[in-house]
Every structure is written in structure tokens, then in C-alpha cells.
Amino acid sequence: MRVLLVLASMAVFIPGTLWSEDLKPQFADPPDSARPGVYWYFMDGNLDREGMTADLEAMKAAGIGNLVFLEVNVGVPRGPISFLSEKWQELFTHAVRESERLGIEITLGSGPGWTGSGGPWVKPERSMQHLVAASVEVRGPSHFQARLPVPEPRKPFFDTLPPDLTKRRAAFYEDVAVLAVPYLAGDQKIADIDEKALYYRSPYSSVAGVKPYLPAPSRYPVLSADSVIPLDKVIDLTSRLGPDGALSWAVPAGRWTILRFGRRNNGANTRPAPIPGLGFECDKFDTGSLDAHFQEYIGKLLNNVGKRKEGAGWTMIHMDSWEMGAQNWTSNFRQEFRHRRGYDPLPFYPTYTGRIVGSLELSERFLWDVRKTGQELVIENHAGRLKELGRQYGLGLSIEPYDMNPTADLALGALADVPMCEFWSQGYGFDTSFSCIEAASIAHTLGRPVVAAEAFTAEDSEAMKQYPGSMKNQGDWAFCAGINRFVFHTFAHQPLGDARPGMTMGPYGVHWHRNQTWWRMVAEYHRYVSRCSFLLRQGIAVADILYLTPEGAPQVFRPPPSALTGANPIPDRRGYNFDGCAPETLQASAEVRDGRISFPGGSSYGLLVLPAFDTMTPSLLGKITSLVEQGATLVGAPPLKSPSLSGYPECDREVRAKAEVLWGRLEPPAMIARRPFGKGLIFWGGRLKVPTHELYPDYEATAALLRQGGIPADFEAPGPVRYTHRRTKDLDIYFVSNRTENAVACPCTFRVERGSPELWDPLTGAIRTLPESSRAGGRTVVPMKFEPYQSFFVIFRSGGSADSSPVLGESNFPELQPVSELRGPWTVSFDPKWGGPAEIVFDRLEDWTARLEPGIKHYSGIATYRTLFDLIGVVDGRSRLYLQLGKVNVMARVRLNGHDLGTSWCAPWRVDIIDFVKAQGNRLEIEVANLWANRLIGDQQARDRDVRDLRWPSGLLEGKALKAGRYTFSTHSYYNADSDLQSSGLLGPVQLVTAKPVPFRH
């Protein structure tokens, strides 16, 4: 197979792409590798062997193919199986063996809890550390002879250390250096020093005001002399410090400050770990610390599990979202810094305290180098080492590289075999959509086929309200954002037997487990997700714009807001798609093919857009110059200097000289300038000037460059339709989705010149032609119709017919014609186990909550509607006949004359019955599932509240007697007696409708 990347036609072929004919059977019946996953969470010691098997078998039956194994303490009473005890390890091995039997893949978290890698085995000297300082003011000339105060540790960002860890933390201290500097009478300090010196990195997703990046300006103010420590006045007194902390020094004339620097634990601990797993987070700068942690946890489990089956069972290790904060020191940090940056950091240690050394610019450059060194150590000695160790045992690595990450998100995520992100259920938590853009960007630029998401996580306000239909719109958004594996957060392990809803992960997560009311019906939704995931892993993603992130750390990639449309937390892409790129990735693997910035995995981009930063290292500027020389198109202004102190001041002269050569000038032009350079082009100035507080030009200005170059938008629609586009050797695969609750009819324009469009329906697996289409300007226009939140794949074959004329008399979406309405009466059967009547007649369809019977009003579970009908009216033998369910709360399964016709969980709420209907005496059964809310509310009523005592003799939930309602038990309470009931049942109208079929045409 050949590799072809052309700006004009945007054709990109890559090795290993599946041929289109291979996709049809796998679309209908997706492979296990395309199945979604779950976070399988265990609540501190509450493990049960039979419950684990039941969980895994329920996953398999429902279409779950992988899981992330984690154990936490989130306030649920503890169980009897202590974390990492012999019994715990035996049960973990049991889970691996059962997963091997069932063909489910296990990914194990890198440590107890969800934050990182640590535990009770981590010694303070191998934990995350800060460089801290204590000061003494002295006057000279004199002789100083005294013990210096010991520097205090910084307050932990999360103050969750138990007493024993607090004591161990306080006891750990090791001297690093003693410096004397002139006393500063001025009060000017380095701004934001705690962030710049990596003492703290607050959660970007949940704390307002956290910067996505730290600016590196080209100009700094000149400060008064009494606020600046002259570099040549820093005196190293380290050798004069005694083992007891006493210093002997002949003080020169003047006022001086003695600074005692030492390393201390930063206060990060495993959280929210099971109690036996509480301990310090291991040092993220040190390979030896990670090795020791690996052997105590993962290595111990590997030894216990023994030989593993390939392709199932335990296959991966997982680094969850970075929530252990920042560190700025390790025992050999000075040596690492000198090796990597080329100068000694010691004279600049006072900048850690906010003091200015040499000048504000020199101090800021030093701090930039500190953060850069920290990033390299995290990536090489922690994440990279974890990946290397996992490889030795055949384990892959997934990473969620965001939130409190002190490095650049895209750089850390680049190490992942499976880059991951997270998104919260819309309306029930934080906005982390930025992480989805990041994970997709990492995968696309590095050729990773799978982009996974911690999907639909939630706060307690979700309260078991989510179900497949309520999640479809956001799920389709995620697909269009580049995600192609959902890992539902969360499937709480269910060890409590028949107690339902049962175990929860405290208040957190969407409740995606076998005790859900609708779990028996969820397989159809998982099949939809699998079909989408399968097709969205084929070939490569098509995008036109590559946004380069600034150098340095920390760094969160945020595209210009104008490149997105719609409201957070589900912002959609506009007609020209984009990715972000880390400078390290660009330098390591970008090249130019046929005028496009291209990467080894096949992704390519027509424009490289620079961030509006005044600084750039000479090496990165050299790479960009080379790309333009080879034919790349560059958008952005020239850098003016280096951000680093390495090679200073020669580095600045080198940057300016290279920038003048590439741009021709350094002053921005008033109008957009077009500058040819080598085989490439540079655009800058005018409308491309970046708005204040933004990093990139306005999207419309960038899009105009593409249009002027003859490149139309990849997708356009006058209606509310989102999209994403992938390309294989012979297919253009578009996923399109109605993002509203209303039906939509509109023409959709695709940037494809050849091939007849086909409609692949991920809801049913059906494939058919779209006979109506037209072509203009190198694009194909297809009239489309969508039911509320409906989605399709529109696929074009490169070898298909060039004829785009409409077929006479055929429509892409034939109108439905009503035949009759099934008005009832309906015999409805509820499950008496959950308080409903075994059988009752509904003369008409109505909401269960409107009924007077408490057993129906407060019912949760599945009820079955039955009725008989005759086929009334004439149905054309060439037409299809459908059963239209109308409104359903929340899922339904249809049987006709004993034939299972499948589950309906979203619009169009329709099933094809033509092959099973009879002229007379049709027996129709419709099973309907609602949500847990109504029964939980019912069990808060006086007659049903706290009428049972439940106890688990095995010691689950501390073996305590716990109060429970008449029917339900949950480890978290979401409702009270006055909470609003949730609409439930089959509301209809139920109709028979007919439509002329659209045949598949080869």
C-alpha cells in the first residue's frame, strides 16, 4: 500500500488500513476489541469472589470488553479483605483468570486509589519532594556561630495525611545547601512563585483561575537594585554547615540573609486509597523510586498471577488523571539539571523563595528551566520507566495526562499506548472537554488507533438518572471529538447479593452495573457504541489545522474558542478540523509530504499555526524553518528570544537571526503578509494577529487561508449537525449526528469528489445507498434527515461511481405513512418482588407516576405490556412495516408472535416487523424499564422506610446491621420522601407505520 498526502485533494493513505469490504461484517457484528469498557471500582475491602464472577459475566453478556481495576475508600464502610493481603491477591488473580475465560481485558491502576503511584511501602526519602528554605538575617562584619532553623515543609495541597504519615513526614529532612545573599530592602518578588517553582499545581478542571500555561514574555521591567540579588554576591556556605545544623561563618560587612535549603516531602499521598494502601506518592523524578513501587505493588501481583493468557485478562497498566500535584526536587536534581541545562542551578536557589537573582528575566528563565527539567524527569524517569517496566511483562500503558499535571499534557500523554481523557455527564459535574481534545490530538499526531475516555462520570446529583437514551447526544459528541473507546465510570463491584441497587462508589459516577433496572437491555446500546468505535478506528483522522503548543510546562492545550461551536461541556468542531501538537512531537517526527505537515501514523495538516509566544528555543525554531523549507505552510509571528537560560545570551541572538531569515522581518505587518520561503509559505500580521489573552488567531482568519488556497471546508450543514471524518485506503468515513432534540432535515456537504454515498446505521447495523446526491466544487451534497439526536455514518468509496445524479423516484429518507394506532387495552405485568402488581389492565397508556397504586407509582424495574392486534389496511408488498413505539421512559424490548425484535433505547423508537407480522392475531409484548429513582423514593415513605435490618456475616460493610427500605438498599442515599418522581413507562402512541425501502445498490 502506498502513502500519499496531497494538500489539494487531502488524500491520505497509510499502511495497515483495512479494505472496505472487510468492514461490512465487522460493522454488523463488531469485534470484541471495539467493545466499550468500565471502571470496575472496589470499595475498600468489600470484595466477594462470587460477586466478582457475576460482575464479569454480566459485563460479557452486556457487551463490555475491557475494564480498569481500582480500589478506593470514598466513605463506604470497609470490608473484610484488606488491600494487598494474601486473600486480596488471591481474589485479584481470580479476577484475572475469569477475565481470561470470558475474553475481557483488565487494565490495573498504577497504585491504590486513583491518583498515582505510591503506598505504605514508599519511604519519605523516595517520596515526592520540595526544596524548602529557612532564613536568618545577620550583619557584618561579625562571626556567626549558631544552629540554623530547619525549613518547614509546605502545606499539602490536599491535607489528607493520616497521623502516622504526618509524623513520618515531619521526621524527614535532608540538607541541600546553605547560601548567603545580600539582604534585600525592596519588596518586589517573583509573581506566582508557588506555581512557577512547582510547589503547587491546582486542578485545572475544577479550580477557577488555574492557568493553562505560564507566559514567557520578551520584555521584563527593570527593578530597583534593593529587590535584586547580584549573581556574583551569592555565597555558597554549604561546606560550613555541621551535621547538627550549626553554621560557622565570618560575615562580611553589610546586611546578609542566610538561606538554609533542604528537601522535604511535599505531602502527596495515595488518595482516595483503601486504608491499607495509604502511603506517600513515590518520587516522580527518580527511576529507583518508581522501580521500588513497581516491585511492591505491580510486581507482587505479577508474581502471584503467574502465566497470563495473551489478548485477555490483565493486559495493561493505567495512570489516571494526575491529581498528586507538583514536586520540584529529588536527591540528584542538581546533577540532572546541570546535565540537561548546561549550567549550575545552585546560585539561583533563592528564586525558589520568590527572591530575584541577577534580574527578573534571568530568574524567570531559570524557573522555566526548572519546570522543563521537571517535565523531562517525570516523562523519562516515571511515566517512561513505568511503560518500560510494563513492556517487560507484556503490559501496555494508558495515561490520562491532565488536571494537576506539572508537565505539558500533550508531552506526558505522548508516552501512552492508549491516550485517555475524561468527560463528565452533562449537567452533573465538571467541564473536562479540553482533555478530550488533548487525547485525540495525541493519538492523531502519534498514530495511536485507540482514544479512550473515562466516560460519563458524575457527581451525586446524577442520582442514577442517566441511561443510554439520555447519554446519546453527549456520546455522539465524544465520537466527533475523536474518542473511540468509552470506559464508563463506573461499575461498582456488587458483592452484596440480592441487595439492590447495592454498592455504589460513594456518590460518584454514572451507575453502570448489573444491578441497574435496565441492565438486561443495555447490550443494544453497547452494540451501537461498538459499531461507532470500530469504524472510528479505521484509517486516519482528517484535519486541516495543526496548532503548536508553546514550549515549557505546565501546558494545557486549548484551541481558540472560535474553532469550536456550541456550548461547553460539549463544544463541536467547525468545518475545518484541527489537532494540537507538542513541540517535542513536532521536533521528533514531523515531516513534509506534498505540502502537508505529516506524521508517521499518517495524519497530515495543511496549516501549522504557531502560538502567540515571544519565545522559542533555537532547536524548535530550526525544526520549523526546516519544515517550511520543505513546503509547509506556517501561520504566526516570529519569536524574539529564547525562554531558557541555557546558552544565554547567545541563544537569543541565534533565535533573532533565524527568525529574521525565516520571516524576513520581526515587526508585524499591518496587513496579512504572504512570504514564500523555500518550498513553503508563511502568513502573519493583519487579521492573523492574535487577540489579547489568546494563543492563536481567530478561526475565521485561519479558515480564510485554506479557502483562498482552494481547500473548502471538510463538512458543512445549515442545520445543527456535528461531524467527524476518517479516511482509509478506499473509503471516506463521515460520522454525522443531530445535536438537538428536534428532527432535522438539511443538506450536508462533504469534501469528497468521487463515489456514491452509502448510509451505515450504527443503531441497526444496516447499510444502504443514498440515491439523492449532487456534486459541486469538489464536494458532494447529500440531503439528510435525522430524528432527535440521531446519527449515521455516511461513507464514500474512492472506487465508486462518479455519477451523482439522483435516481428517479427514489429518496434518501422515504416518508413514513401511518397504518394504524394500537390503542389497547394493555395487560401490564409488574414484578411483585419490587412492589408492583403481577397483572393489571391499562385501558390507555399512561405514566406510571400518574397511577394511584403505590406499587406502580413507586415501581422501579421492568414491566411487560401485552396486547393483540390484527393488521388493518393494505401494506404494499415492496414496503417495510414498522412498529413505532412513541414515547418510552426509558428503554423497551419488543417481541412479536414470540420473536425477539430487539431493544429500542433512542429515537426513532421503531422496529421493523414485516417479517414477523400476521394478518390476524398478532401477539405483541413490550418490556419497558424505568429508573431506580421511584422505588428509592418509595422506600423513603413512612410505610416503607427503614423496615429491614441487613447484615453480611462475611464482614462486608464492616459487618454492621444497616437499615434498609422495604425493597431497596444502597450504600449512598440520593433521594428523600419529597423528591420528584421520574416519568416512567410506555407512553406511546404505539403505531404501525410503513415506508418504501431504499435498496442497497452496488
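**Exercise 1.** State where Val-890 is found, and state whether the peptide bond from Asn-889 to Val-890 is cis or trans.

*Solution.* Step 1: Val-890 lies in the loop between strand S44 (887-889) and S45. Helices (H or I, at least four residues) and strands (E, at least two) are DSSP runs, numbered from the N terminus. The model is predicted: local features need pLDDT of at least 70 and side-chain atom pairs pLDDT 80 or more, while totals for chains, interfaces and linings use all residues. Residues are numbered from 1 along each chain as its sequence is written, and side-chain values use heavy atoms, with hydrogens and water left out.

Step 1: The bond from Asn-889 to Val-890 is cis, and its omega is near 10 degrees.

Step 2: Gly-824 and Pro-825 are likewise joined by a cis peptide bond, with omega about 5 degrees. Pro-825 belongs to the loop between strand S39 (817-821) and strand S40 (826-829).

**Exercise 2.** Carry out the corresponding analysis for the open sheet S30-S33-S37-S36.

*Solution.* Step 1: This sheet has 4 strands in the order S30-S33-S37-S36, with antiparallel pairing.

Step 1: Strand S30 (715-716) and strand S36 (774-776) are its edge strands, each pairing on one side only.

Step 2: S30 is joined to strand S33 (residues 744-750) by 2 bridges, and the two run antiparallel. The bridge partner of Glu-716 in S33 is Thr-749.

**Exercise 3.** Classify the packing of helices H6 and H8, and list the residues that make the contact.

*Solution.* Step 1: Two packed helices are described by the angle between their axes and the distance between the axes. Axes are lines fitted to C-alpha atoms, for helices over the stretch in contact, and angles run from 0 to 180 degrees between N-to-C directions.

Step 1: Helix H6 (residues 287-305) packs on helix H8 (residues 360-392) at about 45 degrees, with the axes 9 Å apart. This angle makes H6 oblique to H8. The classes are roughly parallel under 35 degrees, roughly antiparallel over 145, roughly perpendicular from 65 to 115, and oblique for the rest.

Step 2: H6 passes H8 in a right-handed crossing. A crossing is left-handed if the near helix is turned anticlockwise from the far one by less than a right angle, and right-handed if clockwise.

Step 3: H6 contributes Thr-287, Leu-290, Asp-291, Phe-294 and Ile-298, and H8 contributes Asn-381, His-382, Arg-385, Leu-386, Leu-389 and Gly-390. Contact means heavy atoms within 4.5 Å.

Step 4: The contact of H6 with H8 comprises 5 nonpolar, 4 polar and 2 charged residues. Ala, Val, Leu, Ile, Met, Phe, Trp, Tyr, Cys and Pro count as nonpolar, Asp, Glu, Lys and Arg as charged, and the others, Gly among them, as polar.

**Exercise 4.** Classify the packing of helices H14 and H15.

*Solution.* Step 1: The axes of helix H14 (residues 618-630) and helix H15 (residues 650-663) come within 10 Å and cross at roughly 15 degrees. H14 and H15 are therefore roughly parallel to each other.

Step 1: Their crossing is left-handed.

Step 2: Residues in the contact include Leu-621, Ile-624 and Val-628 of H14 and Val-655, Leu-662 and Trp-663 of H15. By class, the contact of H14 with H15 has 9 nonpolar, 2 polar and 2 charged residues.

Terms used. Pairing = 2+ DSSP bridges.
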